[in-house]
Amino acid sequence: MTNPVTISARGVVKAFGQGPGAVRALDDVSLDIRKGEFFTLLGPSGCGKTTLLRLIAGFEMPSGGTILLDGADITDLPPNKRPVNTVFQSYALFPHLTVAENVAFGLQMLGKPAGEVRATTERMLALVKLEALASRKTAQLSGGQQQRVALARALAPQPKVLLLDEPLSALDLKLRKEMQVELKRLQHETGITFVFVTHDQEEALTMSDRIAVMNAGKIQQVGTAKEVYTQPKNRFVASFIGETNFLTGTARAGALELPTGDTIPVEGLKPVDGGKPVTVTVRPEQVRIGKPGVEGAKAKVAALVYFGTDTHCHLHLRDGTEVVVRLQSPASGDSGLAEGDEVSLGFAPGAAQVVED
Amino acid sequence: MPSQAEARAITASARNGWLLSTPALVILSLAAVGPLLIVVIYSFLTPGQHGNVVWEFSTDGWTGILWSKDIFTDEWMLADAHLTIFWRSVSLSLMTTLFAFVVGFPTAWFIATRPPKERALWLFLITIPFWTNLLIRTYAINEVLRKEGLMNTVLMGLGLTDAPIDVLYTQTAIFIGMTYVYLPLMVLPLFAAIDRFDMKLLEAAYDLYASRWQVLRRIILPIVKPGIIAGSILVFVPSLGAYVTPRVLGGGKQMMIGNFIELQFLQGKNWPLGAALSMLLLLIVMAALLVYVRYANRGSSHG
């Protein structure tokens, strides 16, 4: 992606409260979101992702730093002066207006001529497949339909950026999957930059062009879904996205020496100055199990949990450290392992990543 | 089509409904319909010499609303004085309603946007005046407004005016008094409506390029309209029939319908006219209510 930058946050700080009791919801956040991107802010609740979204929308003013839109400083602009629209978590549809009136609202406020308002509204309703419900009041709609109205309403004024604040969290699983596809389609058809906030890592992985993983008011890592999953920068990113194992040991040339004295080959690992311990993360599906005696760490099978498509094998190293392995279940369902078996443990090539704590 | 069993059940529940509402119907007929009927009958009788009525049919009571008999020629003449009283009642009540809304809306908004704990305190403060007798409160306003009263003492003390403002016993005094007395009746339903208002809608409207004024006009006012209508009815109806306030603050010089009715029953010794005026007041209030209900239903068909 080499598209130009649309939204740029520069050293953004947001503190709530005053003095020593103040809470830093955002702590020196810098971020570039490119034009036409499906960009996701992912993190646990309270990580500052919604605060960042509200700052971009203009509902909150930053305590420091600047926000640029297409290179222009919009930090001090009120929400109604920003070409940015929001889809709210609770949808916030206007209850006294019909579906069509809701969608037309932004265009009317912009002072568009009546003919254009009508045409755009119809086009938006067609886009979200709600033409048939145009004259209904929003209270008569289902959750999924309300969601579509909220989308059409926010897209109608053709904003440069569409902000989505956990828009799918109120929907049931089946509807959520449908809307995920729907959102991708809408983004593709409109070409508008989407900034999507979620705490659901699966949602983030499946939908986003790029993800910013946030925690404690800071951006931990920005990258594509594959990057943040396969090359997590730190312990938080590795553990927040998917399941993972952490092993701490001493880095040798091409191998990790565990506290038990066993070594596991790790391609490209280099010794660290002063022999400081390093932490390595490896996904359960990337751990390899061999017969005892094969190169790797000695381990014992502590438990086997059958999940259908795969079997989780809990291994204990000699010092008791637990490592979880995800094995694809063979046709018979029998993994060929039994509790108490002695095995040798290794990593798939390139799977182990050194992470910062 | 309901089945036979369903139809039977519906009839049975309808019968039970009537049976269960009998006590309410009895009280309603004794307390509301009965007295009202007496008023209607009295309005069609002839006034007695020393008050009361003579049982002789006459429409003079109703005619007397707009016309009065010349003492010498016995001819019916258009009664300007009556029209003045009606106009004063309606215009003062409308002004009171409007002003109570202008003051009450920000007040209700302020209370509804406080944290829940603080909110209870503010609501408590709003209801405190209800604990004091209306007459006493009205005399208190009298005390504030009179020439040597609090208002003029403060104004002159601050040097804002040289001579005392003579506002007591004017329509302005009645207007101030009624606004004060009926303001809580405006604030409470408005508060209830604003309390239900989803503040997220404000952000949604600002986000969709609405100015502050447009947010107020296009979003807030239409959504809290049921509260505005309820508050307006609660202020307008008692204002129109107000008796104590115009009596104490208008000093008998600025009569409203309520005082005019009293006059017919006491000094005027014209009970049929008083009864007809009472009925007229009732009809005006009912007409106002009907208009409001119509209007409210049209605008707020959402759930």
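In chain B, helix H4 passes helix H8 in a right-handed crossing. The contact of H4(B) with H8(B) is made up, by class, of 21 nonpolar, five polar and two charged residues. The model described here is predicted.

Two packed helices are described by the angle between their axes and the distance between the axes. For this pair, H4 covers residues 80-112 of chain B and H8 covers residues 171-196 of chain B; their axes come within 6 Å and cross at roughly 45 degrees. H4(B) is therefore oblique to H8(B), since angles from 65 to 115 degrees count as roughly perpendicular and those under 35 degrees as roughly parallel.

Strands of a sheet pair through backbone hydrogen bonds, either parallel or antiparallel. In chain A, six strands form an open sheet with mixed pairing, and their order is S6-S7-S8-S3-S9-S10. Strand S6 (84-87) and strand S10 (218-223) of chain A are the edge strands, each pairing on one side only. From one strand to the next, the twist averages 20 degrees.

One residue to look for here is A:Val87, whose bridge partner in S7(A) is A:Leu164. Across S6 and S7 of chain A lies helix H4 (residues 143-155) of chain A, running at about 175 degrees to S6(A). Angles over 145 degrees count as roughly antiparallel.

Conventions: Residues are numbered from 1 along each chain as its sequence is written. Chains are lettered from A and ligands numbered from 1 in the order in which they are written. This is a predicted model: local features need pLDDT of at least 70, side-chain atom pairs count only at pLDDT 80 or more; totals for chains, interfaces and linings use all residues. Two strands pair if DSSP finds at least two bridges between them. Helices (H or I, at least four residues) and strands (E, at least two) are DSSP runs, numbered from the N terminus. Axes are lines fitted to C-alpha atoms, for helices over the stretch in contact, and angles run from 0 to 180 degrees between N-to-C directions. Two residues are in contact if their C-beta atoms, placed from the backbone, lie within 7 Å. A crossing is left-handed if the near helix is turned anticlockwise from the far one by less than a right angle, and right-handed if clockwise. Ala, Val, Leu, Ile, Met, Phe, Trp, Tyr, Cys and Pro count as nonpolar, Asp, Glu, Lys and Arg as charged, and the others, Gly among them, as polar.
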